[in-house]
Amino acid sequence: MKSAVEQLSTYKSVHLNPQNIKTHFVGVPMIVWSAFLMLGTLRFAWQDYQVSLAMILAVVVLCYYMALHMRLALGLVLFILPVLYTTEQVVHTSHPFMIAMGIFVIGWIIQFIGHKFEKAKPAFMDDLNQLLIGPFFLMAELYFMLGLEKELAAEITPIAHEKRRALEAKRHR
């Protein structure tokens, strides 16, 4: 498994433009919320409970984040629990899948607008695992804005710039 530093520096290498990062603070939560809603419609009974695929995904993804970086994962718990709660409410309304699809598409449009500012393709196009790193990256960025995890920021930023220079050099060949 790649380290948090490696994952975050790869993601940050194509997320250096402040406008792009701002769009991601809108688009990524929309995509995550809509994905959880879609997966929340896939349900099965387990003992006396209704369990959704979203609930299972939340546990698996949070375990992955905890293996990467416990403090960032704790912030993601605080993000994902309300996502699960609110999507559980919407699952029981009419047309939850259509609601999810609409928000999903709008979220991705916002993401791609951000990458126009960045002038770099999204990280997941080279590594699908980077789809899971988007929320992790945003939590890291939020921590950095709050003055937390300064050592992590100091470690990933120069690596991200180096990776970006390599991408630019490769693109200009």
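Me: What covers the buried residues of helix 5?

Reply: This is a predicted model. In it, the cover includes helix 2 (18-40), helix 4, helix 6 and helix 7 (150-171). The buried residues of helix 5 are Pro 96, Ala 100, Gly 107, Trp 108, Ile 110, Gln 111, Gly 114, His 115 and Glu 118.

Me: How do you know what span is expected for helix 5?

Reply: Count 1.5 Å a residue. Helix 5 has 23 residues, and 33 Å is expected. From first C-alpha to last, helix 5 reaches 33 Å, which is close to that value. After helix 5 comes Lys 119, with a positive phi near 60°.

Me: Why is the pair of Tyr 64 and Tyr 65 called tilted?

Reply: Ring centres must lie within 6.5 Å to pair. Here they are 6.1 Å apart. Planes under 30 degrees apart are stacked, and over 60 they are edge-to-face. The planes of Tyr 64 and Tyr 65 are at 40°, so this pair is tilted.

Me: What makes Tyr 65 and Phe 136 a stacked pair?

Reply: Their ring centres are 5.4 Å apart, with 15° between the planes. Stacked needs under 30 degrees. The pair is stacked.

Me: Why does this pair tie together parts that are 71 residues apart in sequence?

Reply: Tyr 65 lies in helix 3 (residues 53-68) and Phe 136 lies in helix 6 (residues 130-145), so the pair links parts 71 residues apart in sequence. Tyr 64, Tyr 65 and Phe 136 form one aromatic cluster.

Me: What makes the nonpolar surface patch?

Reply: Leu 42, Phe 44, Trp 46, Tyr 49, Leu 53, Ile 56 and Val 60 make it, with about 690 Å². Helix 3 gives the most, with three residues. Strand 1 (43-46) and helix 3 each supply at least two. Trp 46 is found in strand 1.

Terms used:
Residues numbered from 1 in each chain as written. Predicted model: local features only at pLDDT ≥ 70, side-chain atom pairs only at ≥ 80, totals over all residues. Heavy atoms only, no water. Phe/Tyr/Trp six-rings, centres within 6.5 Å; stacked < 30°, edge-to-face > 60°. Helix = DSSP H or I, 4+ residues; strand = E, 2+ residues; numbered from the N terminus. Patch = residues over 30% accessible without salt bridge, like charges linked within 9 Å, V, L, I, M, F, W, Y side chains within 5 Å. Areas by Shrake-Rupley, 256 points an atom, 1.4 Å probe, with all protein chains shown as cover. Salt bridge = Lys/Arg side-chain N within 4 Å of Asp/Glu carboxyl O. Expected span 1.5 Å × (residues − 1). Buried < 20%, exposed > 50% of the residue type's maximum accessible area, 1.4 Å probe, protein only. Contact = heavy atoms within 4.5 Å.
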